[in-house]
Structure formats: structure tokens, C-alpha cells
Protein chains: 2
Amino acid sequence: MKFSPLFWPIRFEKGVIYVLDETALPDKLTYMKVKDYKQACKAIKEMKTRAVGQVLLVMCTFLLEISKINKTGNMLPVLEKVSSAINAARPTLPFKMLTDMVLGWAKQSLPLERNILGFLEMLKNKRIQQAKEAALLLKDKDVILTHCNISGLMPLIGEFCRKQSKELSFFVTETRPYLQGSRLSAWELKHSGFEVTIISDNMAAQVMSEGRINKIIVGADHLAGNGDIANKIGTFQLAILARYFKIPFFVLCPPKSSVKTGKEIKIEIRPDKELLEFCGRRIAPKGVKGYYPAFDITPAGFITKHIYLDIKR
Amino acid sequence: MKFSPLFWPIRFEKGVIYVLDETALPDKLTYMKVKDYKQACKAIKEMKTRAVGQVLLVMCTFLLEISKINKTGNMLPVLEKVSSAINAARPTLPFKMLTDMVLGWAKQSLPLERNILGFLEMLKNKRIQQAKEAALLLKDKDVILTHCNISGLMPLIGEFCRKQSKELSFFVTETRPYLQGSRLSAWELKHSGFEVTIISDNMAAQVMSEGRINKIIVGADHLAGNGDIANKIGTFQLAILARYFKIPFFVLCPPKSSVKTGKEIKIEIRPDKELLEFCGRRIAPKGVKGYYPAFDITPAGFITKHIYLDIKR
């Protein structure tokens, strides 16, 4: 099975975390070095990594900071400092769920490295399982519309379909303003040999009305107890369109967080500069402001099927 | 009453047509010279002018070509040649309606210049009337979402509202890939002193769900007999969202064409390069294709109110 570099974009080796710089794609496949938790938080804030990359980076950051501590010392103050910096990095992904898990292990004096590595191994296997499960929902010649980027899961789903003699093709929304759809999803799908067509975010209804799309598959950054999800801005309107055009809408979910409904999920508002500038060049008129909510909430009722990531903690 | 340069972006003076180059906005307010019908068709194809600018350019092109003909000669062959070039320039706007009107005048030996100038004068007055009528539908503190650019009508509607002591503010979708929303609408609204906020096309549902939008107003490039419209790609999905969120959806229409329903309107497919490149720089991965339908059809049933442009021919 071939994996996209986006499937596992972080690795920890000899005291250094290597982070796939997703802002440099598709021009360059390059890894940046992260040497402490402050750099890790900066990489998260600047969206050098996102989605599952953030989860991996959090866990590797703990591995990194733990490796610096004298094994006989009290690790808790350091872990708490790291945790609170991570929790404050971006609001929508439930970082606290991860950091609380690690703090919990520490408080129970469980072997931290082994638990973290075990968690990462389980996460990898469960993600592969998730892609396999999604593939079972699809048919030969299905044309999938996807939005943003689901960290290597879309090409993996396509690979599993191939094993079952089903060939998929893809439409990808470019996903403004960060262009995760064209820069990341189209790139990884093309590299895995799939037919992929980019559309801008405002063309979704048109391609659906032309009957070009059989299924919609998106990811999620946050799953509430009732099945509501937070995902990249634009997901909710795709779900509304999917309902109108009667197209199945599948979500590859992260583990459930502790919040009950989507209303409790905080939506990150990012600097409008990221919307109004492109490659350092201003594309909007001077003096005009922008509004950039980075996520939206899709109520559970719009989701044809949740494909869960069943992580035991 | 102050007018946006986009309200009347074409003028004909001493044998030359001056075309506001909308591709240079908002960086530069500059007019390009057009000296024959071939240059006029090129300007239309390259979207140097669009929407009502195309109508004005067609009529001015006839004035230009007529001015070159010996008045005693037979004008019809020239007019027919010009007409067929214009009709082939872009498919979605009903150019034939305009060129047939001029050919009709010629066949009836009516004074062409006077008829064309009369038509343009009527068009200008009717457009002002249309803005006035739209303003009556709005309330003080209404927040309007608009898409693409309606050639100077949005700031004019805002000005009429001000006369009625109603202050509007605006959200504008950036309108990928050509960015008419941020480059043109946000620019002209800001210049007229209105508060305007840019969002990307995938944020529409989110700003609606936050209760930020009271009314949606868009234009149309083509109005079918049954009230279906063709407008800039993205309009249809805004209409679907407006219905879901119960937000009134108003359309500033052009005159009705001869087609019965939206199904008969041909949607222009533009080169995917315009979607995959930005300022000459490729933003999509190599080898990946795009799909760029430039318009979509919004069925009449989604439109809360058509604001007609009542032109006698």
C-alpha cells in the first residue's frame, strides 16, 4: 500500500521533529525542523501543518520535551507548560483532549514514551482501517467531490477501491484561501495516479447540477458527542448543497471530543490578511477588510454516514 | 448622484472606444483603446469588460464601424459581419438580441446612430431606475451579501438608500477565479463610502448561519422568459443557501431574452488556465486539470424578487 506524504507528515528522530511544510506544497516537498514546543506551536499557528499533522506534532512535541528531561526529575510541570501552550495554539481542534491524555498518563506514572508511541501506532492503524471502511461505501466509477485535505486518506481510499477493482475519480474544491484542495488534495491524488479536476469553491452546485458527482467525502477537525462536526470553512455549504442534490455526504471523523454539540465548538477566526493577500501581494482594494472564519459546523443531520476513527484512550 | 466608474465603463469619442480595463482594477483605473470590431471582440473574450460593459461595447462598436462607412454606401454587409463576430465572442450573454436589434433598424432604414444613442440613453436611465426600485426593498442597517459585480448598481442602490436615510453595509464574496467581488464590488463600494467586508466563496453559509446577512442581491447576464437567470458561477449555490437560511434573494435583471427557460442558455466553459494560474503563476500542481464553467443557472423559483430592466425595443 502506497501512502501520501500527507498521511503521516511528522516524524521525530534524534531529538528533532521533522514537519512536512504544507505551505510549500505543491512546489516543494520539504520538511522543517522543530526543536522545542514553542516552535511546534508556531508551526501549528502558521498552518505549516494542519489536520492530523497537528495531532502528530503534539504527540511528538511531548516526546521531544520528555527526551530533554532528566528521567528522575518531576516531569509534570514541564508537561503542563507544554500542554497549555499547545491548547492555546488554535481553538477549533480539541488539543486539550490530547494534552489531557498525556497529562493523565503522567499523573498515573505510566511510561510516557511507550504510551505516546503506542497511541501513534494505534492512530496509524485506525486511520488505515478508516480508509478501508470508506472504500466499502463506494462503487466502481464513482466520482467523489472532496474539500480541503484529509491528510492522505483520499488517495488511500482510492487505493483500497482499486484492490476491490473499483476505480474512482475526483473533483476537488480549491478551498480558499489556503488552497488545501488544489495544493494538497489534487497533488496527492494526482501522484497516486487518480484523475482529479480542480474547481473553485463557488462551482460546487454547478458540477452537482450537471450530475458529475456521486459522493461527497470530507474530513473533520472536531467531532461533537451528537455527531455535529467542525471542518474547514465551506464544508457546511457543501452539505447543504449535497442535501439539495441528494448526494451522499460522508465524513471521515476524528475521535469524539467531550463537547456535546457543535454549538460548543469554538470557531477560529484567522487574520484577514491571509484572505486579502496572495503570495505577499494584496489582491483586495486598500482599506477593505475581510472576515475569515477558518471552520464551520455541519450539523449531524446533514451527514449521510460518519466514518469513525475508533481510538481507545 | 455619484456613479461608480463601473456603472458606465465604456465611452466612444472621436472614432475611438475607451474601455475601462476591469482586469487592472483595483490597482489601476485605466482605459484601453478599441479601434475596430475585432479588438472589441478580443476585449470581450479576454474579459477586459464584462456584464453591462459588454452591452455598451457592442453598441459603441456599431457606432464606430458605422462612422467608418461612406454614408451613401450599403451598411448592411458591414453590420452583418460585425454582428456575427460579436455573437460568437462569448456564449452566455444574449449578444444576438442586441445585434439583431441594430440589424433590424438598418433593414428598416431607420437612422442608426440616433437609434443606438437613444438606446444607450434609455439604458442608462432604466438602470438608474432599477437601482432606485431595489433601494425601496431595503431597510436601514440591512447587511447585503453580493456576488461578482453588478456594474455600479450596488453603490447606486446604497446611495438611493442614503437619500431615504437608510444606511447599508455589504459582504462581498471574492468570486473566484476572476475575483470580481473583491477587485470590483468591494472597490466601488469602498470608494462610495460603504462598509464592506470580503469573504471567500466558501464562507457564505457560515456568515449566513451567524445571522450577519439580511438580503442577498446579485445581477444576471441572461434572463429567460420564465424568470430563470444565468449569472456568474456561484450564484446558484448562494440561492440554495438563501432558501435554506430564509434570506430574501433579489436579482437585478437584464431585459428578457427570447429563450423560454434557463435550460436553453448555453453556459460558457472558460480555459482552466484562468483557474489554475494566478498572476501568471501556477497555483495548482502540474498536470492537474481544472473545470471552469463561468456561469450557472438559477431557477426562477429561488428568486424572491426579480428587479426588471424594462427596455423597450
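Tutor: Let us begin with how the copies meet: 100% of the interface residues of chain B are also interface residues in chain A, so the copies meet through the same surface. This is a predicted model, in which local features need pLDDT of at least 70, side-chain atom pairs count only at pLDDT 80 or more, and totals for chains, interfaces and linings use all residues. Residues are numbered from 1 along each chain as its sequence is written, while chains are lettered from A and ligands numbered from 1 in the order in which they are written.

Student: What makes a residue part of the contact, and how many residues does each chain give?

Tutor: Two residues are in contact if their C-beta atoms, placed from the backbone, lie within 7 Å, and the contact takes 42 residues from chain A and 42 residues from chain B. On the side of chain B that touches chain A, the residues divide into 26 nonpolar, 11 polar and 5 charged, where Ala, Val, Leu, Ile, Met, Phe, Trp, Tyr, Cys and Pro count as nonpolar, Asp, Glu, Lys and Arg as charged, and the others, Gly among them, as polar.

Student: Why are the two copies said to be related as by a two-fold rotation axis?

Tutor: Copies are superposed by least squares on the C-alpha atoms of residues with pLDDT of at least 70 in both, and a rotation of 180° with 0.0 Å of shift along its axis places chain B on chain A with an RMSD of 0.0 Å. The two copies are thus related as by a two-fold rotation axis. In chain B, the C-alpha nearest that axis belongs to B:Asp201, 3.0 Å from it.

Student: How do you know that β6 of chain A pairs with β13(B)?

Tutor: Strands are DSSP runs (E, at least two residues), as helices are (H or I, at least four), numbered from the N terminus, and two strands pair if DSSP finds at least two bridges between them. Here 2 bridges join β6 (residues 195-199) of chain A to β13(B), and the strands run parallel; the bridge partner of A:Thr197 in β13(B) is B:Lys289.

Student: What makes α2(B) mostly covered?

Tutor: A residue is buried if 20 or more other C-beta atoms lie within 10 Å of its own, exposed if 12 or fewer, and partly exposed in between, with C-beta atoms placed from the backbone. In α2(B), 12 of its 17 residues are buried, so the helix is mostly covered. Among the buried residues are B:Val52, B:Phe62 and B:Leu64, and the buried residues pack against elements of chain B including β1 (10-13) and α5 (112-136).
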